[in-house]
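Here is a short note for a colleague meeting this structure for the first time. Please keep the sequence and the 3D view open while reading.

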Amino acid sequence: MRKHLIGGALTVLALGVLTAGAYVYATLAPPPTLDRTSLCPVNGPRSLTVVLLDSTDEIPDIAKREIRTTLVDLAETLPTYELLEIRLLDPKLAGGRLIFSKCNPGDGSDLSEYTANPRLAKQRWMDGFRQPLDQALEAGFRPVPGKISPIMATIQRIAVDRFTGPQHR
C-alpha cells in the first residue's frame with residue numbers, strides 16, 4: 001500500500017513538473033527573426049540611437065579616446081534590438097556618411113542555458129555587432145576636411161529620414 005502511495009505521489013509530481021514546463025515553453029515569446037545584415041528584427045528595430053561624428057577638423061588623440069570609450073559604453077548598454085547608427089558629417093552628403101548601422105542582437109547574458117544558447121548569442125554579438133563597431137569607429141576618426149561643418153543640415157536630414165512617418169507616431 002505504501003509503495004502505491006509513493007508511486008502515485010511521484011506520478012502527480014512528475015505530471016505537475018511537465019505541465020509547468022509546457023506552460024512556460026508555450027508562454028515564452030519567441031525571439032524575433034533577425035535580418036542577417038543589420039541584426040535588426042525583420043519588422044524593424046525596437047528603438048533607434050543616432051550618433052553624429054564631426055570630423056571636418058582633426059580630432060585630437062585624447063578626444064578620440066574619449067569618444068571611443070563613450071560610444072563603446074553606449075553600444076554595450078544598448079537595449080536588445082535597438083538600432084545604433086553612427087554617421088560622419090560630410091559636407092558633400094546631406095544626411096552624412098553612414099559608417100555603422102546595426103541592431104544590438106543581445107550578448108546572451110540574459111539568456112537561460114536551458115532554453116537558449118548564451119555562448120552562441122555572445123559569439124553573434126561579438127562577430128556581428130561589437131567588432132564591426134570597432135572597425136567603424138576606426139574609420140570614423142579619419143578627417144573629412146571641410147570649410148564649414150554641415151551639422152544642422154545633417155541633423156535635419158536624419159530627423160526627416162528616421163524620426164518621421166507613420167511608424168513613429
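1. Start with Ser-38. This residue sits in the loop between helix H1 (2-27) and strand E1 (47-53). Bear in mind that the model is predicted.

2. Is Ser-38 buried or exposed? Ser-38 counts as buried, because its relative accessibility is 19% and the cut-off for buried is under 20%. Leaving aside residues up to four places away in sequence, Ser-38 touches Ser-101, Lys-102 and Cys-103.

3. How many disulfides does the structure hold? There is one. Cys-40 and Cys-103 form it, with their sulfur atoms 2.0 Å apart. Cys-40 lies in the loop between H1 and E1, and Cys-103 lies in strand E3, so the pair ties together parts that are 63 residues apart in sequence.

4. Look next at the geometry and setting of that disulfide. The torsion about the S-S bond of Cys-40 and Cys-103 is about 90°, so the disulfide is right-handed. Cys-40 counts as buried, at 6% relative accessibility. Cys-103 is buried as well, with a relative accessible area of 0%.

5. Now the nonpolar core. The largest one has 19 residues. Which residues have the most contacts inside it? They are Leu-84, Ile-86, Phe-100, Phe-129, Leu-133 and Leu-137. The elements that give two or more residues to this core are E1, H2, strand E2 (82-88), strand E3 (97-103) and H3. H3 supplies the largest share, five residues.

6. Not counting residues up to four places away in sequence, Phe-100 touches Leu-84, Glu-85, Ile-86, Phe-129, Pro-132, Leu-133 and Ala-136.

7. Turn to the charged side chains. A search of the whole structure finds six salt bridges. One of them joins Asp-134 and Arg-68, whose closest N and O atoms are 3.8 Å apart. Asp-134 lies in helix H3 (residues 118-140) and Arg-68 in helix H2 (residues 61-76), so this pair ties together parts that are 66 residues apart in sequence. Asp-134 counts as partly exposed at 28% relative accessibility. Arg-68 also counts as partly exposed, at 24%.

8. Arg-68 has another partner. The side chains of Arg-68 and Glu-138 meet in a salt bridge, 3.0 Å from N to O. Arg-68 lies in helix H2 and Glu-138 in helix H3, so this pair ties together parts that are 70 residues apart in sequence. Glu-138 counts as partly exposed, at 48% relative accessibility. Which residues do salt bridges with shared partners join into one network? They are Arg-68, Glu-76, Arg-130, Asp-134 and Glu-138.

9. End with Arg-87 and Glu-85. These residues form a salt bridge, the closest N and O atoms being 3.1 Å apart. Are they buried or exposed? Arg-87 is buried, and so is Glu-85.

Notes. Residues are numbered from 1 along each chain as its sequence is written. This is a predicted model: local features need pLDDT of at least 70, side-chain atom pairs count only at pLDDT 80 or more; totals for chains, interfaces and linings use all residues. Side-chain values use heavy atoms; hydrogens and water are left out. Helices (H or I, at least four residues) and strands (E, at least two) are DSSP runs, numbered from the N terminus. Buried means under 20% relative accessible area, exposed over 50%, partly exposed in between (1.4 Å probe, protein chains only). Contact means heavy atoms within 4.5 Å. A salt bridge is a side-chain nitrogen of Lys or Arg within 4 Å of a carboxyl oxygen of Asp or Glu. A nonpolar core is a set of buried Ala, Val, Leu, Ile, Met, Phe, Trp, Tyr and Cys residues joined through side-chain atoms within 4.5 Å. A disulfide is a pair of cysteine sulfur atoms within 2.5 Å.
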